Structures are given as C-alpha cells and as structure tokens.
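Let us walk through this structure step by step. Keep the sequence and the coordinates at hand.

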Amino acid sequence: MTMFEAILLTIITASTPLLIAAIGQLVVERSGVLNLGMEGMMIMGAACGFAAAILSGNSYIGVLAAIAAGMGMSMIFAVLTLGLAANQVASGLALSIFGLGLSGVIGAPFVGARRDTMARLDLPVLSDLPVIGKALFGQDPFVYASFALVIGVWWFLTRTKPGLILRACGESHASAHALGYPVLKIRLFAILFGGACAGLAGAYLSLVYTPFWSPGMTAGRGWIALAIVVFASWLPWRAMAGAYLFGGITILQLHAQGAGVKIPSQAMAALPYLVTIIALVIIMSRRGGQQSAPASLGVPFVPDR
Amino acid sequence: MRLVLSKRENSSRWMSLLSPLIAVALTIASGAVLFAAMGLDPAKALAIYFLSPISDTWALQELAVKATPLVLISVGLSLCYLSNNWNIGAEGQFVMGAIFGGGIAIATHGVANGPWVFPAMMLAGMIGGAALAMIPAMLKTRLSVNEILTSLMLVYIAELLLDWLVRGPWRDPKGFNFPQSVMFEAEAQTIRLTSDGRINIGTLIALVVVVLAAFLLSRMLKGFEIRLVGEAPRAARFAGFSQSRLTWTVFAISGALAGLAGIIEVGGTMGQLQPTISPGYGFTAIIVAFLGRLNPIGCLIAGVFLAITFIGGENAQIALRLPLDVTRVFQGLLLFFVLACDAFLIYRVRLVRSAPQERSA
C-alpha cells in the first residue's frame with residue numbers, strides 16, 4: 001500500500017463518524033428542528049455500543065445498542081421540544097450535558113477494556129482497483145453505511161413525496177399544518193432518525209476508530225457535525241464534502257505531528273475547531289449564506305385549534 | 001393518547017416561583033431512583049449529595065467559593081439569553097480571564113509590587129473574557145454566523161491555549177517539570193475575607209453583581225431593551241433599538257463576568273495556573289441561568305443549589321466511590337425538568353385520549 005493510499009484510508013476513517021452524524025442532523029434540521037444534543041447522543045452511542053459489544057462479544061449487537069441509545073436520547077429531546085414546546089437550544093444543551101454525564105457512568109466499568117476493531121468487508125473486484133480500490137471498497141461496514149445514508153437521504157429529500165413534506169415542515173410549519181400534514185409526527189420521525197445516526201456515529205468511534213472506551217471521547221465531534229450541516233447549506237452532498245474536509249484536517253494534524261513539524265501540539269489540536277469557525281465565516285460571507293437555512297429552524301410549533 | 005398544549009391567558013406568579021422548586025424536587029426524586037438502580041441506599045446517598053455540603057460552617061464556606069463563579073457567569077448569561085443571544089462559550093471566557101489575569105501575576109512575580117496587583121488582574125481578566133466573547137458577537141452581527149457554534153468552538157481553543165502556556169512558556173522553572181505556573185505572590189492572590197477560611201472577596205463581588213444586574217433589568221432603559229429585543233424583536237426595531245449593538249453589549253458583559261470569575265477562581269483556590277482550572281463552571285452556569293429563570297436573584301439561589309451538587313458529587317466520589325459524572329447526570333436531569341416545568345407555566349397541558357381526526361384549520 002502506498003503512502004497516498006494509507007492517508008486516503010485514514011481520512012475516510014476519520015471522516016465517517018462526522019459524516020454519519022451530520023447526515024442525521026441534516027434531516028432533523030430540514031424538518032425545522034435544531035437539536036444541539038448531538039454530542040450527548042453520540043457519546044451515549046459510543047458508551048452503550050462499547051458496553052454492549054463487550055458484554056455480548058458481538059460488535060453488531062454493540063452497533064444496535066448504540067443506535068437504540070441514540071434514539072432513546074433523542075426521544076427525551078422530542079418529548080421536551082415537541083410534546084411540551086420547550087426551547088430547542090436549551091433542551092439540546094441539556095441533552096449534551098446529560099449524555100456526557102450518563103455515558104461516563106455507564107462506561108466506568110469498561111475503562112481499560114479492549115476489543116479488536118470490526119472486520120473490514122472487502123467488496124470483491126472493486127477493492128482490487130488501483131489507488132482508490134482499497135480506500136473505498138476495502139472498508140468496514142460503517143463506511144458503506146455512510147455512503148448509503150448520503151445517497152438515501154439525498155434521494156428521500158429531493159425525489160420523494162414524504163421528503164418534500166418533511167422539507168415543507170422545515171420551511172413553514174404553519175403552512176404544512178394548514179395543508180393537513182402532521183407536523184409534530186414528521187418532526188418526531190426526523191428527530192429519531194437523527195438520534196439513530198448520532199448513536200451509529202458514536203459506535204463507530206468506540207468500536208472502530210479507537211477500539212476502547214474513554215470518557216468524553218467524542219471530543220466535540222457532535223458539535224463539528226452541527227457546523228458541517230451549516231457549512232453544507234443543508235445539502236447532503238455538500239455535507240459529505242464538509243465531513244471529508246474536516247476528517248482530512250484531523251489526519252493532516254496527526255501526520256504533521258508525526259513528521260515532527262515544529263508547531264506546538266496544542267496548536268495542531270486546535271486546528272479542527274479553528275477551521276470550523278473559519279468555514280462558517282466563509283459560508284456566511286458568501287452571497288445568501290443565511291437564506292439556505294430552513295425558515296422554521298428552531299421555532300417551536302404548537303398547533304392551533 | 002397525545003399531549004395537547006393550549007396557551008394560558010395569564011401565567012400565575014405563584015407558579016413561576018414554584019416551578020423551579022418542582023424541578024429540583026423531581027431531580028432529587030429521580031436521583032433516588034438512579035442510586036437505587038446502582039445498588040446504593042438512596043437515603044444515604046442523597047444525604048451525602050445534598051446535605052453534607054451544607055452541614056457545617058467549613059462546608060458553607062466551600063459552598064460560597066463554588067457558588068461564586070456560577071453566580072457571576074450565570075448573571076451574564078441571563079442577559080444574553082433574555083435578548084436571544086446564545087453564548088454557550090462561557091467556559092472558554094472563564095479560561096481566558098484566568099490567562100489574562102494570571103499573565104499579570106506571573107509578570108509581576110518576584111518584583112516589588114503593591115496592593116494594585118490583584119485589582120489589575122481582575123481588570124485584565126474581565127478584558128480577556130470580554131475579548132474572547134467579542135469574537136462570536138462580531139461574527140454574528142457582521143456576517144450572521146451562528147453564535148452557538150462559534151462560542152463553543154472557542155472553548156476548546158482557549159483550553160488548548162492554557163494547556164500550551166502552562167506546559168510551555170509559563171511553566172514554573174523550579175516546578176520539577178510539573179505543568180503549572182509559579183505560585184502567585186501574596187498580592188496577586190484573591191483577597192480573603194477571613195484569616196483562616198477559604199471564602200474570598202469574589203463572593204462579595206458576585207452579590208454586588210447580582211444587585212446591579214437586578215437593578216439594570218428592572219429599573220433601567222437598557223434592561224428594558226434587553227427584554228424587549230428578546231421577547232418582541234419587531235417592536236424593538238420600531239422603538240429604534242439596535243439589535244446588533246445590544247448583541248455586542250451582552251456578549252461583552254457576560255464575557256467580562258466569566259473572565260472575572262476565572263481570575264477570582266485561579267487567584268483564590270489554586271494560586272497558580274494549571275492545565276485544567278474549571279470543573280465545567282461555564283457549562284453548569286447555563287443550567288443555573290435557566291433554573292434561576294434568567295433573573296439575577298434567581299441565579300443567586302440556583303447558583304447555590306448547583307454548587308451543592310458539585311460538592312455533593314465530590315463527597316460522593318470519596319464516600320461512595322461514585323464516578324464524578326453522576327454530578328453531570330444530575331445537572332442534565334435538572335435542566336430537563338426545569339424546561340418541562342416551564343411548559344406547564346406557559347401552556348395548559350392536557351392528555352387527550354384517541355384523538356378525533358384533525359380538522360385542518
């Protein structure tokens with residue numbers, strides 16, 4: 001394997017959790033809900049996924065547990081913001097704080113435990129392609145799942161009627177309601193989908209990326225995923241580009257440290273966060289950056305009757 | 001079965017005082033369930049959590065020391081949230097205040113200096129915190145970049161900056177290679193209120209800030225402007241209030257208060273800079289602000305309560321070998337319940353069985 005292939009492979013590994021989480025959040029935000037609890041749902045996915053995988057000895061059961069944990073967390077958010085029309089920003093923050101705490105409690109007995117990373121799944125023929133073969137088609141199942149998610153969400157949002165209705169809820173919940181669509185039910189499904197994606201992204205961190213559990217291991221990735229959605233102007237393909245850009249920066253940072261670049265390691269570690277801010281600035285300073293946001297984003301909806 | 005919300009005509013004053021108390025009661029009740037699930041005696045665990053921090057004068061002093069940064073930060077955050085400015089990066093502004101103020105303490109180390117040192121440190125701390133908070137404010141007003149994400153990203157950056165400083169240029173040369181700065185001189189430490197205790201002048205400052213903020217919100221035009229911009233932005237525009245100038249103002253105030261809390265904490269409880277200087281005060285203060293109903297006096301009471309959970313968590317770690325994360329679980333639960341109880345204030349919540357087919361309006 002050449003150096004280039006190796007770097008490409010690691011970039012994909014670093015980008016996949018960001019991509020999965022961002023795609024989930026993108027659907028949530030297109031339905032008009034801002035869930036700032038990504039970090040909390042993701043870390044709960046990481047903790048529960050790892051715990052279940054250790055207890056059962058099966059990584060796939062771990063993955064299912066992680067998805068369930070993410071959905072459970074998002075359900076709390078849904079009850080607060082949809083059922084009780086609570087402030088979405090504050091509810092999301094509460095979810096993040098709660099998730100960081102509860103994951104620490106759940107993960108405490110598993111600190112120090114190790115597992116083998118999940119087996120790669122080589123796609124026949126395709127993985128023998130030169131240069132990109134190993135990187136794209138010799139990956140773990142999560143990577144394929146992330147590709148499938150991007151395609152599926154793009155198709156759903158732009159090519160199907162339910163996708164159109166979901167976007168209508170995000171643009172103007174009052175109009176969608178007036179047309180007879182169940183706004184809250186649609187948003188509930190979107191939030192649960194976002195939770196499932198966040199849990200899956202968390203499972204990737206604790207089962208593949210670093211095959212052990214450590215408290216706070218998401219290290220702000222949930223927040224970066226939120227930034228990627230803005231960066232992507234709420235479009236799935238651009239979210240993919242954004243996730244790979246951020247993953248690339250993470251890897252660049254690691255390689256630069258390994259190569260002994262004379263920059264403090266803290267400056268390199270700060271790079272992804274700095275780039276997040278810069279990326280938001282670039283997107284917003286272009287013409288019409290703000291207009292692409294769903295018009296009802298973050299506004300609670302209480303049906304009138 | 002589904003929930004139906006209908007807006008209340010007028011919210012009762014009694015309920016708005018009662019609802020934070022209900023939230024606290026629900027948190028304690030779910031704490032009991034949580035402890036029972038972990039195989040502990042709930043009564044004993046709750047006593048350690050909530051009663052041991054208020055059991056004697058020594059513990060009460062510790063409580064005041066812990067509540068001080070929470071109250072200072074949350075009062076500033078309340079001003080932000082009331083006016084719809086979502087500054088969630090107070091943790092970073094706290095760290096930046098400690099860096100700016102600590103810089104003065106380190107620069108004057110070993111030099112003859114007078115009683116001006118600590119006041120200068122406090123001023124520098126406020127400037128440091130405000131400077132960091134200005135970044136999201138500027139990006140929001142100039143480019144309408146979402147302040148939630150930028151203020152949060154700056155937390156990580158500020159923490160890494162502190163980490164670099166205490167491991168690099170500011171490391172104590174005689175400190176056996178430990179990642180920490182020199183001990184501050186006596187003049188550079190937060191002024192103590194008693195000769196033997198830990199309580200310091202920060203607690204008094206926090207009380208003054210609470211009174212000033214309460215006065216600002218209830219009696220001054222600026223306070224009216226803050227509330228109006230939050231509740232009725234259109235009306236505020238017609239009244240000629242500048243939304244962006246207000247954003248700058250509230251971010252500056254909350255950043256300065258968080259920075260002040262940072263330097264008071266570092267000068268008071270540690271006496272030096274270390275890689276980690278906060279157990280998450282900046283994030284907990286968000287909960288304090290909401291539990292206090294974005295009211296300065298409310299923040300004071302809520303700050304004391306959350307300080308109890310911090311100390312209770314430390315005591316439980318020692319006495320029951322519980323992970324410190326249990327504190328965060330409590331704090332998250334508390335915010336859930338506060339938000340849920342608020343809904344019952346604004347809306348009449350009814351459970352409707354088997355909904356009749358909705359007629360679209």
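Two residues are in contact if their C-beta atoms, placed from the backbone, lie within 7 Å. Helices (H or I, at least four residues) and strands (E, at least two) are DSSP runs, numbered from the N terminus. This is a predicted model, in which local features need pLDDT of at least 70, side-chain atom pairs count only at pLDDT 80 or more, and totals for chains, interfaces and linings use all residues. Residues are numbered from 1 along each chain as its sequence is written, while chains are lettered from A and ligands numbered from 1 in the order in which they are written.

Begin with chain A as a whole. Chain A has 12 helices and zero strands. Along the sequence its pattern reads α-α-α-α-α-α-α-α-α-α-α-α. Of its 305 residues, 52% count as buried. A residue is buried if 20 or more other C-beta atoms lie within 10 Å of its own, exposed if 12 or fewer, and partly exposed in between, with C-beta atoms placed from the backbone. Take the contacts in chain A between residues at least 6 apart in sequence: 78% of them join residues at least 24 apart.

Now turn to a helix pair. Helix α2 (residues 38-56) of chain A crosses α3(A) at roughly 145°, and the two axes come within 7 Å. Axes here are lines fitted to C-alpha atoms, for helices over the stretch in contact, and angles run from 0 to 180 degrees between N-to-C directions. The crossing of α2(A) and α3(A) is right-handed. A crossing is right-handed if the near helix is turned clockwise from the far one by less than a right angle, and left-handed if anticlockwise. On the α2(A) side, the meeting residues include A:G40, A:M44, A:G45, A:C48, A:G49 and A:A53. On the α3(A) side, A:G62, A:A65, A:A66, A:A69 and A:G70 are among them. By class, the contact of α2(A) with α3(A) has 12 nonpolar, eight polar and no charged residues. Ala, Val, Leu, Ile, Met, Phe, Trp, Tyr, Cys and Pro count as nonpolar, Asp, Glu, Lys and Arg as charged, and the others, Gly among them, as polar.

A:A53 is buried because 27 other C-beta atoms lie within 10 Å. Leaving out residues up to four places away in sequence, A:A53 touches A:N58, A:S59, A:I61, A:G62, A:R115 and A:L207. The C-alpha atom of A:A53 is 9.9 Å from that of A:S206, 153 residues apart along the chain.

How well does the length of α3(A) agree with its residue count? Its 25 residues should span 36 Å at 1.5 Å a residue, and its end C-alpha atoms are 35 Å apart, which agrees. The expected span is 1.5 Å times one less than the number of residues. After α3(A) comes A:A85, with a positive phi near 50°.

Most residues other than glycine have a negative phi. A:A219 is not a glycine, yet has a positive phi of about 50°. A:A219 sits in the loop between α9 (183-209) and α10 of chain A. A:A219 counts as partly exposed because it has 16 C-beta neighbours inside 10 Å.

Next comes α12(A), residues 265-285. Its 21 residues should span 30 Å at 1.5 Å a residue, and the end C-alpha atoms are 30 Å apart, which agrees. Even so, α12(A) has a kink of about 40° at A:L271, shortly before the proline A:P272. The bend at a residue is the angle between axes fitted to the seven residues ending there and the seven starting there. A:P272 is one of the buried residues of α12(A), as are A:Y273, A:I277 and A:L280. The buried residues of α12(A) pack against α10 (221-231) and α11 (236-258) of chain A, together with α6 (147-167) of chain B.

That leads to the interface. In total, 44 residues of chain A are in contact with 42 residues of chain B. On the side of chain A that touches chain B, α3 (59-83), α4 (88-107), α10 and α12 each supply at least two residues. The most come from α4(A), with 12 residues. This side of chain A divides into 32 nonpolar residues, 11 polar and one charged.

Finish in chain B. B:M122 is placed in helix α5 (residues 117-143). B:M122 is buried, with 22 other C-beta atoms within 10 Å.
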